[in-house]
Amino acid sequence: RCEPRCSIKIGHTKRMILTAVGDIDTVVGFDDFFGLAFQLGLISECQFDHVTDAVADSSATERKQVSDFWPVVSVALDMSLRYTCRLETGSKNMSERLRSSWPDDWIGRHSFSLTSALQPLVHPRWERLKDIGNEALTAGEYDVAVTWYRRAASLTNTEEALGTFFLAMEEGRKKSGALAEAATAIADARTDLFEVIRSWLPDGPTSYDLPEEISESLKAEGKPGYVHEPNLPRAICLTNSAAAKLQQHAQLAVKQTPARSRRGSSRRIRSLLKSALSDAEDAVRFCPEYVKARYRVAQAKRLLGDEGGADRIERQMRLWHERSPLCWVGFELICFGWLTYVEYDFLYSPAYFEHACRQVLSEHKAGSFDAPHLVTSAALSASLVPLTGGQWLLVGLQYFSSSLGPTKIDAIEFRALDTENGDDVERPPNGRASKLSLARFPVALRMLLRKLKDRGVGVHALCLGQALTEQVERIRECLKKEYRNVDVYPALTTYATQIEAFGREEADRIANKERNPFFDFN
């Protein structure tokens with residue numbers, strides 16, 4: 001099926017391949033390229049069959065297939081993938097950067113995961129190193145496995161490599177002569193150099209500084225003053241490292257007999273468990289939706305004697321698996337308390353908003369990503385909902401899809417307005433908004449309308465639901481100058497109304513029945 005035209009035989013060294021091929025950027029012919037990928041062992045005959053079938057049935061072009069497979073081949077030949085990745089995905093604008101990392105077939109999906117959107121940005125070599133660790137783990141060589149997992153994890157975060165570099169510069173201060181002077185100069189310029197150097201490194205999930213006021217508030221609570229994008233590859237490596245340490249603990253515990261049980265050995269075992277717990281908790285922090293990491297946390301806590309903590313985590317995991325799917329993973333995470341509002345607001349919400357806009361524009365024939373045409377068939381529905389004891393603004397978007405007909409995207413905006421008064425939101429007859437919520441929600445609505453307009457999505461109607469039905473005239477007045485064509489009207493019924501009429505159980509059943517099945521996860 002695949003007869004390469006380049007004269008390279010399987011089994012030759014990479015040096016000989018590089019000599020024959022030159023720069024991978026120049027291998028753009030379909031046959032030449034996949035012939036090389038086949039000989040490098042990066043694609044099987046079965047996979048190549050899928051590639052050629054996709055070209056044959058016109059679901060993909062030869063150029064598209066070469067483009068999709070190019071990063072893997074480039075990495076295998078140690079080419080300068082990092083510079084190309086930076087040019088393609090290194091925009092300072094977060095939404096632009098995320099947009100460029102999404103495959104075309106994501107357009108039109110109603111479910112969305114920021115974790116999955118960012119994963120393609122991670123250098124693919126991490127998985128090979130992780131697999132070597134898995135082989136060591138299977139062979140019972142736990143220390144070797146942990147070493148490989150750490151090596152794999154180091155490839156998932158360029159900031160770690162930068163941190164190591166500047167630590168080396170700090171050590172260089174202790175040297176003498178010109179070396180010490182150079183190291184001191186670099187170490188002193190760390191703040192200025194960090195971003196400059198990072199801009200030339202491979203892209204991937206990264207951290208973002210928060211506004212000073214928010215950062216200081218979080219630090220006062222003992223929390224980091226920054227937010228970090230979800231990094232599933234790193235979480236997998238750390239979780240596997242925790243698993244290796246837990247298995248090593250089990251092995252040592254079996255070997256330890258009462259006669260040989262000594263204080264030093266017990267300290268080592270406990271230290272191993274604490275290290276496993278630390279790895280697992282870091283994995284949860286790097287990827288809140290990776291449930292396997294939480295399972296390892298529960299295992300380590302139980303072995304350390306924290307039965308209550310282990311039971312609480314296992315109960316949360318059961319609820320997570322038994323949950324009724326909501327509109328998207330980030331929304332579920334914050335409702336479960338597995339994501340802070342700061343993380344949601346600065347990372348997850350902007351990414352989901354971008355995904356929703358792409359979906360609307362892609363399904364509207366006049367839409368275009370590069371030069372979007374204003375879509376004027378979208379409508380918004382806004383309500384207040386209770387969460388964590390407070391009042392939150394929940395906004396959905398409805399539009400007409402050329403392929404699916406009337407379509408709805410839930411939670412395109414989900415924002416905390418008041419940290420208190422959550423019980424009033426569902427109070428009959430239509431819910432009650434607090435003074436703080438009433439003061440803040442018009443500003444939030446205007447900001448949302450402006451963001452949609454900037455992305456090319458126009459709004460012709462706004463339905464005010466639970467706790468907002470009496471604010472129609474006020475919002476009309478608020479929007480008339482900039483959005484005079486938006487028709488503002490109250491909802492005929494709300495969740496609070498249904499609770500009063502049918503009871504909470506029946507109201508929940510009605511809400512679930514009315515939910516669009518396209519919102520569910522597969």
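Me: Does phenylalanine 414 count as buried or exposed?

Reply: This is a predicted model, in which local features need pLDDT of at least 70 and side-chain atom pairs count only at pLDDT 80 or more, while totals for chains, interfaces and linings use all residues. Residues are numbered from 1 along each chain as its sequence is written, and side-chain values use heavy atoms, with hydrogens and water left out. Buried means under 20% relative accessible area, exposed over 50% and partly exposed in between, with a 1.4 Å probe and protein chains only. The relative accessibility of phenylalanine 414 is 2%, so this residue counts as buried.

Me: How are α16 and α17 oriented to each other?

Reply: Helices here are DSSP runs of H or I with at least four residues, and strands are runs of E with at least two, numbered from the N terminus. The axes of α16 (residues 291–303) and α17 (residues 307–322), lines fitted to C-alpha atoms over the stretch in contact, come within 8 Å and cross at roughly 155°, on a scale that runs from 0 to 180 degrees between N-to-C directions. Angles under 35 degrees count as roughly parallel, 65 to 115 as roughly perpendicular, over 145 as roughly antiparallel and the rest as oblique. The crossing angle therefore makes α16 and α17 roughly antiparallel.

Me: How many residues of the contact of α16 with α17 are charged?

Reply: Contact means heavy atoms within 4.5 Å, and the residues that make it include Arg294 and Lys301 of α16 and Asp311 and Glu314 of α17. With Asp, Glu, Lys and Arg taken as charged, Ala, Val, Leu, Ile, Met, Phe, Trp, Tyr, Cys and Pro as nonpolar and the others, Gly among them, as polar, the contact holds eight nonpolar, two polar and, as charged residues, six.

Me: Which kind of pair do tryptophan 320 and tryptophan 338 form?

Reply: Rings of Phe, Tyr and Trp (its six-membered ring) pair if their centres lie within 6.5 Å, with planes under 30 degrees apart counted as stacked, over 60 as edge-to-face and the rest as tilted; the structure holds 17 aromatic pairs. The centres of tryptophan 320 and tryptophan 338 are 4.8 Å apart with planes at 25°, so the pair is stacked.

Me: How many residues apart in sequence are the parts that phenylalanine 331 and phenylalanine 414 tie together?

Reply: These two rings have centres 4.7 Å apart and planes at 70°, so the pair is edge-to-face. Phenylalanine 331 lies in helix α18 and phenylalanine 414 in strand β5 (residues 405–418), so the separation in residues is 83.
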